[in-house]
Amino acid sequence: MIDQLPEGKSIGWMQAPPQWIFTHTVRFVGVVRIVIQDGEGFILIKKGKPLVYYFKHGRIELRGHAALDYFNSHPIIEFNLCKFTPEEFSQALKICNVDEVIPESAGRQDQVTHVVTQEKAEDKTVEVQPGIKQPEREPAPVQPEKPEPLAEKPELIRVKSPADNTERPLVPQPAVLEDPDIKIIGQIKKLNGIVAISVFDDDRNILLMGDVEIEPLLKVARTMLATTNKITPHLDWGSFVHMTLQIPEGNVIVAPYHENHLCILTTRTINIGHIRRILRDLQQERTQNILL
Amino acid sequence: MLKQILNKFLILHDVQAAIVIQENGEIIQSMKSGIMIKEELQEVIATIMLDSKKTAAQFGNASLSMVFVEFSDHFLILGPVMEEFYLVVIAKNTANIGQITYEMKKNQDAIVSLL
């Protein structure tokens, strides 16, 4: 099913708690492609409303809340936001077999129907969301209240990601990034030479695009911010725009971003002038917003 | 002689100061135009030098190539010349960074030979 979906326009790969997706897609129409270990899945979203949850690992397919529960069992997941045009979205609805009229609370547990099917002697848990046409199959005599948790089938899917061993709590992120913010960050990430870009605050990483270990990078970024905080009160040079640290391997850039901060990791060959212009524009926009 | 080299930076558009400074904040030589290098600014530069060196070391003991700190009106570029000596250029934000960094690299050996 994943392969049949329209490609859409990628905003960029990022890592965040699953809850982040639901709180930051209010104006988003498209698919969130999710990769967890060797499996992949997606959430079809229309303006903050999740319509379809799907995950596939080998021959195991999870749909509806079974897929959502699996996503939520990971403190951090890696995903790609891909915007759809209205035509692409209609096509995606057809592929996912979703009725045109979508109930308001498509994702709520109390409106979910559970069906257990048997296929090729392999147990398969299929959870059906309202609004999704069900395949014409004979339901099994027993309908469990909840699908069996994946943890009880370790041979099928490894539930515990390495991140589960850490003590990071699964909490909704208090910091809010709007859709335009994600677009801006995505556009910066797409520039030649950008390895990773993170939006972070004093406590945590809010958004990461790029394949890096975030904690060591944030440690460096926070050290750099501490330096700028020490020197800024002693300089009458206007507001802080960015600090760039160049080492033989590349550049680390920290800059203010609304009430948060940006950390950008680049290759050595980056066009620093281009990045600088972007950061200055962001800074000017911020100053204007403060004045308004 | 060092003054002559530093003057090459000062003639660049909107560059206000070129300084050779030691890690402890002691100025070896400087050329400036339209800017006062007070003790406070020396301390700021020393903070950037020491902090950045430590920060770069967090990347597997990487050496520091350059530090660039920009504010809305001015920016500062700092590059190590040798051991504890650094070259610092302060400019208005309208200055050409590419030109400044090019001159920094071009004149590094000449500065080292005079230290």
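**Reading the model**

Modeller: In chain A, 60% of the contacts between residues at least 6 apart in sequence join residues at least 24 apart. Two residues are in contact if their C-beta atoms, placed from the backbone, lie within 7 Å. This is a predicted model, in which local features need pLDDT of at least 70 and side-chain atom pairs count only at pLDDT 80 or more, while totals for chains, interfaces and linings use all residues. Residues are numbered from 1 along each chain as its sequence is written, and chains are lettered from A and ligands numbered from 1 in the order in which they are written.

Colleague: How many helices and strands are there in chain A?

Modeller: Helices (H or I, at least four residues) and strands (E, at least two) are DSSP runs, numbered from the N terminus. Chain A has six helices and 13 strands.

Colleague: Which elements of chain B supply residues to the side that touches chain A?

Modeller: The contact draws 26 residues from chain A and 26 residues from chain B. On the side of chain B, helix 2 (39-57), strand 3 (66-71) and helix 3 (97-114) each supply at least two residues. Helix 2 of chain B gives the most, with nine residues. By class, this side of chain B has 12 nonpolar, nine polar and five charged residues. Here Ala, Val, Leu, Ile, Met, Phe, Trp, Tyr, Cys and Pro count as nonpolar, Asp, Glu, Lys and Arg as charged, and the others, Gly among them, as polar.

Colleague: At what angle do helix 5 of chain A and helix 2 of chain B pack?

Modeller: Two packed helices are described by the angle between their axes and the distance between the axes. Axes are lines fitted to C-alpha atoms, for helices over the stretch in contact, and angles run from 0 to 180 degrees between N-to-C directions. Helix 5 (residues 214-231) of chain A packs against helix 2 of chain B at about 175 degrees, with the axes 10 Å apart. These two helices are therefore roughly antiparallel; angles under 35 degrees count as roughly parallel, over 145 as roughly antiparallel, 65 to 115 as roughly perpendicular and the rest as oblique. Among the residues that meet are Val220(A) and Met224(A) from helix 5 of chain A, and Val44(B) and Ile48(B) from helix 2 of chain B.

Colleague: Which residues of helix 2 of chain B are buried?

Modeller: A residue is buried if 20 or more other C-beta atoms lie within 10 Å of its own, exposed if 12 or fewer, and partly exposed in between, with C-beta atoms placed from the backbone. The buried residues of helix 2 of chain B include Val44(B), Ile48(B), Asp51(B) and Thr55(B). Their cover includes helix 5 and strand 11 of chain A.

Colleague: How many bridges join strand 11 of chain A to strand 3 of chain B?

Modeller: Two strands pair if DSSP finds at least two bridges between them. Six bridges join strand 11 (residues 240-247) of chain A to strand 3 of chain B, and these strands run antiparallel. In this pairing, Leu245(A) stands opposite Val67(B). Strand 11 of chain A is also joined to strand 12 of chain A, by five antiparallel bridges, and a hairpin of two residues links them. In strand 12 (residues 250-257) of chain A, seven of the eight residues are buried.

Colleague: Where does Asn97(A) lie?

Modeller: Most residues other than glycine have a negative phi, and most peptide bonds are trans. Asn97(A) has a positive phi, near 65 degrees, and lies in the loop between helix 3 (86-95) and strand 7 (113-119) of chain A. With 14 other C-beta atoms within 10 Å, Asn97(A) is partly exposed.
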